[in-house]
Amino acid sequence: AGVRSKLVESLEKEREAAHTKSTPGAAHHGAAHGEAKEGEEAEEDESMAERLTDIIMNAFAMCSAWCTLFGARAVWMFSGMNNTIEVTSIDGRILLAIMLSIGSFVVVYYLDKVDDAMRESPGAVN
């Protein structure tokens with residue numbers, strides 16, 4: 001829902017910008033009073049902050065995913081499960097991927113349940 005709302009907002013901004021450019025005198029009127037330039041700079045700064053936040057969040061998410069993968073691989077190797085199926089084999093990698101996917105699904109599912117319960121509680125801020 002968050003990605004979709006950002007996309008809708010960006011499309012609305014582009015539509016407004018196209019309308020401002022196509023309206024005779026609108027850009028000149030705003031620029032003469034200094035209104036359009038300040039608003040555009042604020043939007044650019046805000047969008048740059050949003051971009052940096054998204055980049056940093058994605059970088060941490062990727063680091064977390066790689067650490068989880070190699071951590072699960074190490075647990076597999078040192079736990080004795082490596083005696084039956086080696087984690088370096090194709091079968092071991094597939095089983096590891098399936099187990100991590102199921103584990104991730106369970107975690108996300110229960111976090112969603114907790115979020116829903118918190119939103120429905122009295123006095124919750126949406």
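What percentage of the 126 residues of the protein count as buried? The figure is 5%, where buried means under 20% relative accessible area, exposed over 50%, and partly exposed in between, with a 1.4 Å probe and protein chains only.

1. Basis. This is a predicted model, in which local features need pLDDT of at least 70 and side-chain atom pairs count only at pLDDT 80 or more, while totals for chains, interfaces and linings use all residues. Residues are numbered from 1 along each chain as its sequence is written, and side-chain values use heavy atoms, with hydrogens and water left out.

2. Overall make-up. The protein has 4 helices and 0 strands; helices (H or I, at least four residues) and strands (E, at least two) are DSSP runs numbered from the N terminus. In order from the N terminus, the elements read α-α-α-α. The accessible surface comes to about 10800 Å², and carbon and sulfur atoms hold 64% of that surface; such areas come from the Shrake-Rupley method with a 1.4 Å probe, and for residues only the protein chains shown count as cover.

3. Contacts along the chain. Contact means heavy atoms within 4.5 Å. Taking contacts between residues at least 6 apart in sequence, 22% join residues at least 24 apart.

4. W76. This residue lies in helix 3 and is buried, at a relative accessible area of 4%. Leaving aside residues up to four places away in sequence, W76 touches M81, N82, I85, E86, V87, G92, L95, L96 and M99. V87 is 11 residues from W76 in sequence, and their C-alpha atoms are 7.0 Å apart.

5. A74. Helix 3 also holds A74, which is partly exposed with a relative accessible area of 28%. Between A74 and V87 there are 9.1 Å from C-alpha to C-alpha, and the two are 13 residues apart along the chain.

6. Cysteines. A disulfide is a pair of cysteine sulfur atoms within 2.5 Å, and by this rule the count is 0 disulfides. C63 is in no disulfide, with the nearest cysteine sulfur, that of C67, 6.4 Å away. C67 is likewise in no disulfide, and its nearest cysteine sulfur is that of C63. C63 is partly exposed at 46% relative accessibility, whereas C67 is exposed at 57%.

7. S64, A65, T68, L69, A97, L100, S101 and S104 line the second largest pocket. Helix 3 (35-79) and helix 4 (90-120) each supply at least two of the lining residues. The lining of this pocket has 4 nonpolar, 4 polar and no charged residues; Ala, Val, Leu, Ile, Met, Phe, Trp, Tyr, Cys and Pro count as nonpolar, Asp, Glu, Lys and Arg as charged, and the others, Gly among them, as polar.

Note on methods. On a 1 Å grid over the protein atoms alone, a cavity is a set of points where a 1.4 Å probe fits but cannot get out, and a pocket is an open set with protein on both sides within 12 Å along at least five of seven lines; lining residues have an atom within 4 Å of a point.
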